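Here are my notes on the model you passed to me. Please read them alongside the sequence and the structure shown here.

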Amino acid sequence: DLDRIVNVVNKEIENLPPKCKEVFILSKQEGLTNIEIAEHLGVSLKTVEAQITKAFSVLRFTLKEKVRPILFLILDKGKSIIKKKEIVEAYILLKII
């Protein structure tokens, strides 16, 4: 189910290289802009952009085989009725990976 997917994604975020993880969390979980992250960490905007790109690349690679089969089952029309929010969240995860 969706909780399982979220747990897998969170585990892989925890496994990101330290700087990637820090920048990714500040961006995607804390909602800071790239400029705010750069100022907060004392690094260039390009460094922040590179770390976010690297984080997404690593997550796409590590989650590809783990999450897509689960999402397929969740979105299978014959399996269950899914709330609209769950469909949106699953779609967002698909866009990430």
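1. Three salt bridges are counted, a salt bridge being a side-chain nitrogen of Lys or Arg within 4 Å of a carboxyl oxygen of Asp or Glu. The model is a predicted one, in which local features need pLDDT of at least 70 and side-chain atom pairs count only at pLDDT 80 or more, while totals for chains, interfaces and linings use all residues. Residues are numbered from 1 along each chain as its sequence is written, and side-chain values use heavy atoms, with hydrogens and water left out.

2. One of the salt bridges joins lysine 21 to glutamate 14, with 2.7 Å between the closest N and O atoms. Lysine 21 has a relative accessible area of 22% and is partly exposed. Glutamate 14, at 47% relative accessibility, is partly exposed too. The classes used here are buried for under 20% relative accessible area, exposed for over 50%, and partly exposed in between, with a 1.4 Å probe and protein chains only.

3. Glutamate 22 and lysine 19 form another salt bridge, their closest N and O atoms being 3.6 Å apart. These two residues are three residues apart in helix H2 (residues 18-29), which means that about one helical turn separates glutamate 22 from lysine 19. Helices (H or I, at least four residues) and strands (E, at least two) are DSSP runs, numbered from the N terminus. Glutamate 22 is partly exposed at a relative accessible area of 32%, whereas lysine 19, at 54%, is exposed.

4. Glutamate 49 and lysine 46 also meet in a salt bridge through their side chains, at 3.9 Å from N to O. Both residues belong to helix H4 (residues 45-75) and are three residues apart, about one turn of the helix. The relative accessible area of glutamate 49 is 30%, so glutamate 49 is partly exposed. For lysine 46 the value is 63%, so lysine 46 is exposed.

5. Of its 97 residues, 30% count as buried. Among contacts with a separation of 6 or more, 60% are between residues 24 or more positions apart, where contact means heavy atoms within 4.5 Å.

6. On helix packing, two packed helices are described by the angle between their axes and the distance between the axes. H2 and helix H3 (residues 34-41) pack at an angle of about 135°, and their axes are 10 Å apart. H2 is therefore oblique to H3. Axes are lines fitted to C-alpha atoms, for helices over the stretch in contact, and angles run from 0 to 180 degrees between N-to-C directions. Angles under 35 degrees count as roughly parallel, over 145 as roughly antiparallel, 65 to 115 as roughly perpendicular, and the rest as oblique.

7. Which residues of H2 and H3 meet? From H2 they are Glu22, Val23, Leu26 and Ser27, and from H3 they are Asn34, Ile37, His40 and Leu41. By class, this contact of H2 with H3 has four nonpolar, three polar and one charged residues. Ala, Val, Leu, Ile, Met, Phe, Trp, Tyr, Cys and Pro count as nonpolar, Asp, Glu, Lys and Arg as charged, and the others, Gly among them, as polar.

8. Serine 27 sits in helix H2 and is buried, with a relative accessible area of 11%. Apart from neighbours within four places in sequence, serine 27 is in contact with Leu32, Asn34, Ile37 and Ile52. Lysine 28, also found in helix H2, is partly exposed at 46% relative accessible area.

9. Isoleucine 13 is in helix H1 (residues 2-14). Is isoleucine 13 buried or exposed? At 6% relative accessibility, isoleucine 13 is buried. Leaving out residues up to four places away in sequence, isoleucine 13 touches Lys21, Phe24, Ile25, Gln29 and Leu59. Isoleucine 13 and leucine 59 are 46 residues apart in sequence, and 7.3 Å apart in space from C-alpha to C-alpha.

10. Leucine 63, in helix H4, counts as buried at 1% relative accessibility. Leucine 63 and isoleucine 5 are 58 residues apart along the chain, and their C-alpha atoms are separated by 9.6 Å.
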